[in-house]
Amino acid sequence: MLTKSVVTGGMGFIGHHLVKELKRQGHFVVVADNLAGGNFPDRRQDDVIYYETDIAKSSVETLQSVFRDATYVFHLAALPRVQYSLEHPLETEAVNVGGTINVLEAARREKVGKMIFVSSSSVYGEPAALPVHEGFPLSPMSPYAHQKATSEWYCNLYANVHGLPTVSLRLFN
């Protein structure tokens, strides 16, 4: 039986490359994306199932149906861009935190094997020294950074309270 992996935000730049790699490794891949970044038909692969869904607006039950029998959920869906979060803090909070809670709750209910959350190096703010490592204190300086840090805390909460295995990856550009 193939390992089922779900990628939220799988039509984005990083998500698309993750989907390709998961397929290369033999995973059965499902993508959940609202196409907010545009419809990228050239990124669709015949052997991947696509759901056009919004993690913040979809019900937990809808996400559960997407996550059913998944071993892994890679959660990349977000409204990125620091400047946008400064101009639209309520909208980005609803997606970046509320959407993450929806994903966590659906993953918990479906007993997903592991939820991998893609965070951001922006949670560190302006570090006093380089190179930055995960022991550095968090110092978010934008709504986006704060939302990513908050979502990391929700991942920890779901791991500690509900036993959902989670990991948060802080990507750097």
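Is Arg 170 buried, partly exposed or exposed? With a relative accessibility of 23%, Arg 170 counts as partly exposed, where buried means under 20% relative accessible area, exposed means over 50%, and partly exposed lies in between (1.4 Å probe, protein chains only). The structure is a predicted model, in which local features need pLDDT of at least 70 and side-chain atom pairs count only at pLDDT 80 or more, while totals for chains, interfaces and linings use all residues. Residues are numbered from 1 along each chain as its sequence is written, and side-chain values use heavy atoms, with hydrogens and water left out.

Six strands form an open sheet in the order S3-S2-S1-S4-S5-S6, with parallel pairing. Strands here are DSSP runs of E with at least two residues, helices are runs of H or I with at least four, and both are numbered from the N terminus; two strands pair if DSSP finds at least two bridges between them. S3 and S6 stand at the edges with a single partner strand each, so one side of each has no neighbour in the sheet. From one strand to the next, the twist averages 20 degrees. The parallel pairing of S5 and S6 extends over six bridges, and Ile 116 stands opposite Val 167 in S6.

Helices pack on this sheet. Helix H1 (residues 13-24) lies across S1, S2, S4 and S6 and runs at about 170 degrees to S1. H4 touches S1, S4, S5 and S6, and its direction makes about 165 degrees with that of S5. For these angles, axes are lines fitted to C-alpha atoms, for helices over the stretch in contact, and the values run from 0 to 180 degrees between N-to-C directions. Helix H2 (residues 60-67) has the buried residues Val 60, Leu 63, Gln 64, Val 66 and Phe 67. Viewed down the axis of H2, these residues fall within an arc of 160 degrees, so they line one face of the helix; the arc is that of the directions from the helix axis to the C-beta atoms. The buried residues of H2 pack against strands S1 (4-8), S2 (28-33), S3 (49-52) and S4 (72-75), and against H4.

Glu 110 sits in the loop between helix H4 (89-109) and strand S5 (114-120) and, at 17% relative accessibility, is buried. The side chains of Glu 110 and Gln 64 are joined by a polar contact of 3.0 Å, meaning a pair of N or O atoms within 3.5 Å; within protein, one must be able to donate a hydrogen and the other to accept it, and residues adjacent in sequence count only if both atoms are side-chain atoms. Apart from neighbours within four places in sequence, Glu 110 is in contact (heavy atoms within 4.5 Å) with Gln 64, Phe 67, Arg 68 and Asp 69.

Back at Arg 170, the setting is strand S6. The C-alpha atoms of Arg 170 and Val 118 are separated by 6.3 Å, although the two residues are 52 residues apart along the chain. The side chain of Arg 170 makes polar contacts with the side chains of Tyr 124 (2.7 Å) and Glu 152 (2.5 Å).

Rings of Phe, Tyr and Trp (its six-membered ring) pair if their centres lie within 6.5 Å, and planes under 30 degrees apart count as stacked, over 60 as edge-to-face and the rest as tilted. Two aromatic pairs are found by this rule. The rings of Tyr 72 and Phe 74 have centres 6.1 Å apart and planes at 45 degrees, so this pair is tilted. Tyr 72 is partly exposed at 29%, whereas Phe 74 is buried at 15%. The rings of Tyr 124 and Phe 172 have centres 6.3 Å apart and planes at 25 degrees, so this pair is stacked. Tyr 124 is buried at 5% relative accessibility, and Phe 172 is exposed at 52%.

Finally, the backbone deserves a look. Most residues other than glycine have a negative phi, and most peptide bonds are trans. Arg 81, however, has a positive phi near 80 degrees, and Lys 111 has a positive phi of about 55 degrees. A cis peptide bond, with omega about 0 degrees, joins Leu 130 and Pro 131.
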